[in-house]
Amino acid sequence: MFKEFMLPDLGEGIVECELVEWLVKEGDLVVEDQPIADVMTDKALVQIPAVHPGSISKLYYKVGELARVGAPLFAIEIEQAVVADSVANAVEAIATEVAEKVVETPEAGALIEVSDTQSGKAVASPAVRRMARELGVNIAEVPGSGEKGRVYKEDLFAFSGNSSVSALPGQVARVTGQGESSHKEPLRGVQAAMAKQMSLSVTTIAHFTMSDQIDLTELTAMKRALAAEIEQPKLTLMPFMIKALSVALAEFPILNSHLHEEPQEIEFFHHHHIGVAVDTPQGLLVPVLRHVEDSSVLSLAHQLSELLADARAGKLSRAQLSGSTFTVSNVGAIGGTTATPIINYPESAILAVGRIQRLPRFDANDKVVARQIADISWSADHRIIDGATMAKFSNRFIQLLQQPSNLLINLR
């Protein structure tokens, strides 16, 4: 019996994902639950297993192509007797990992998608929803021209009678007449997710940035002494910075909050889930260290080492990439000194750490001495955080790192 495997609903309005790798080839015999393919959603890598045993007869996509939700991903030749018992359990396992909007049909045990359209809600990206609010349009009333009724900005303009894109706040007019381009590439996978997330951040959050410098001479010496006693993991300054950040967040909880617009309220978090921006072959990823407030520096070093390894291997799960309450970007690891970091929506602030440099400074006797100096740059949501609060928070963070004894007495 020839049977096609349909890519299940990936949740959150996602309609396609990138085929990262086939783990089998046509003609291979596979068993139930055997991994068949790796696909990349907005940020998470998801593994698709076999629904039932059989022979792979067709792979519908090439590596790098976009697979459509609800369309055939691969086909398999199976025996009739094994189909009924294996379909429901295997598809449910996939759906549990990649989607939340899945229900079981009563007659066949198969899984179907529950689209937002079916539930009375419009299918649209956050940017289009924001645009609808700016136009004063109820997006649920807009006929969508996309798949499953997905609403695009053109649909909004047609519905509202406003065809001028440049008339909307935050929109940039298209520039023409700049000569021929060499080629074009579609945004996919992590790049597409970053473009969407950063656009949402800069068009929603009122950013302001503040910079300062930290003298890390004493902390660097202490880290070297500790590193000589610890074989694994390799001890860096980042776990110390993340721990200092957590201590400061406990004293300034507004920096560890989210602003909700509808209804307008501030949500505070007692836990400190710190996202760490990582440059990977797939692009910029932000795995999350959870409950930093309850972790030691050594524990953070272990967790960070494991997350970085998974990130660079492309093995991070959706759970590892979600739920951060504050984000750190270590631009200095690559070579930058200062930055204007974009807040990771819906968080309230972000830290960018620059490269540590050996620079001259005056000591207490006005003599020039060499010190280990790093630039730090904060961006904060000016709707709820004022400059004075940001400066006090930054000063506390700097104090904890410049005088490591202050950090030690605050550790649990």
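Predicted model: local features only at pLDDT ≥ 70, side-chain atom pairs only at ≥ 80, totals over all residues.

User: Which strands stand at the edges of the open sheet of four strands?

Analyst: The four strands of this open sheet follow the order β1-β8-β6-β3, and their pairing is antiparallel. A strand with a single partner has one side left without a neighbour in the sheet, so the edge positions belong to β1 (2-6) and β3 (29-30).

User: Which residue in β6 does valine 30 stand opposite?

Analyst: Strand β3 is joined by two bridges to β6, which covers residues 54-59, and the two strands run antiparallel. Within β6, the residue opposite valine 30 is glycine 54.

User: Which element gives the most to the lining of the second largest pocket?

Analyst: This pocket has a volume of about 770 Å³, and 30 residues line it, with Thr236, Met238, Leu308, Asn330 and Ala333 lying nearest its centre. At least two lining residues come from each of α6 (238-251), β14 (274-280), α7 (297-312) and β18 (349-362). With five residues, the element that gives the most is α7.

User: How many residues of the lining of the second largest pocket are nonpolar?

Analyst: The lining of this pocket comprises 30 residues. Sorted by class, five of them are charged and seven are polar, while the number of nonpolar residues is 18.

User: Which element supplies the largest share of the largest nonpolar core?

Analyst: The largest nonpolar core has 54 residues, among which Leu255 and Phe397 touch the most other members. Two or more residues of this core come from each of β11 (207-215), α6, β14, α7, β17 (326-329), β18, β19 and α8. The largest share amounts to nine residues, and the element that supplies it is α6.

User: Which elements hold tryptophan 378 and phenylalanine 393, and how many residues apart are they?

Analyst: The pair links distant parts of the chain, with tryptophan 378 in strand β19 (residues 368-381) and phenylalanine 393 in helix α8 (residues 387-402), at a separation of 15 residues. Tryptophan 378 has 0% relative accessibility and therefore counts as buried, and phenylalanine 393, also at 0%, counts as buried as well. The elements asked for are thus β19 and α8, and the separation is 15 residues.

User: Why is the pair of tryptophan 378 and phenylalanine 397 edge-to-face?

Analyst: The ring centres of tryptophan 378 and phenylalanine 397 are 5.2 Å apart. Since planes over 60 degrees apart count as edge-to-face, and the planes of these two rings stand at 85°, the pair is edge-to-face.

User: How many residues apart in sequence are the parts tied together by tryptophan 378 and phenylalanine 397, and which residues form one aromatic cluster?

Analyst: Phenylalanine 397 is at 0% relative accessibility and so counts as buried. Tryptophan 378 lies in strand β19 and phenylalanine 397 in helix α8, so the pair ties together parts that are 19 residues apart in sequence. The aromatic cluster is formed by Phe252, Phe326, Trp378, Phe393 and Phe397.

User: In which loops are proline 233 and proline 346 found?

Analyst: Most peptide bonds are trans. The bond from glutamine 232 to proline 233, however, is cis, with omega near -5°, and a cis bond also joins tyrosine 345 and proline 346, with omega at about 5°. Proline 233 lies in the loop between α5 (217-227) and α6, whereas proline 346 is found in the loop between β17 and β18.

User: Is histidine 291, which has a positive phi, buried, partly exposed or exposed?

Analyst: Histidine 291 is not a glycine, yet its phi is positive at about 50°, and its position is in the loop between β16 (288-289) and α7. Its relative accessibility is 35%, so histidine 291 counts as partly exposed.

User: Is aspartate 366 buried or exposed?

Analyst: Aspartate 366 likewise has a positive phi, of about 65°, without being a glycine, and this residue is found in the loop between β18 and β19. Because its relative accessibility is 62%, aspartate 366 counts as exposed.

Technical notes
Residues numbered from 1 in each chain as written. Heavy atoms only, no water. 1 Å grid on protein atoms, 1.4 Å probe; cavity = no way out; pocket = protein on both sides within 12 Å on 5 of 7 lines; lining within 4 Å. Points joined across faces, edges and corners; volume = space filled by probe spheres on them. Nonpolar A, V, L, I, M, F, W, Y, C, P; charged D, E, K, R; others polar. Pairing = 2+ DSSP bridges. Buried < 20%, exposed > 50% of the residue type's maximum accessible area, 1.4 Å probe, protein only. Phe/Tyr/Trp six-rings, centres within 6.5 Å; stacked < 30°, edge-to-face > 60°. Core = buried A, V, L, I, M, F, W, Y, C linked by side-chain atoms within 4.5 Å.
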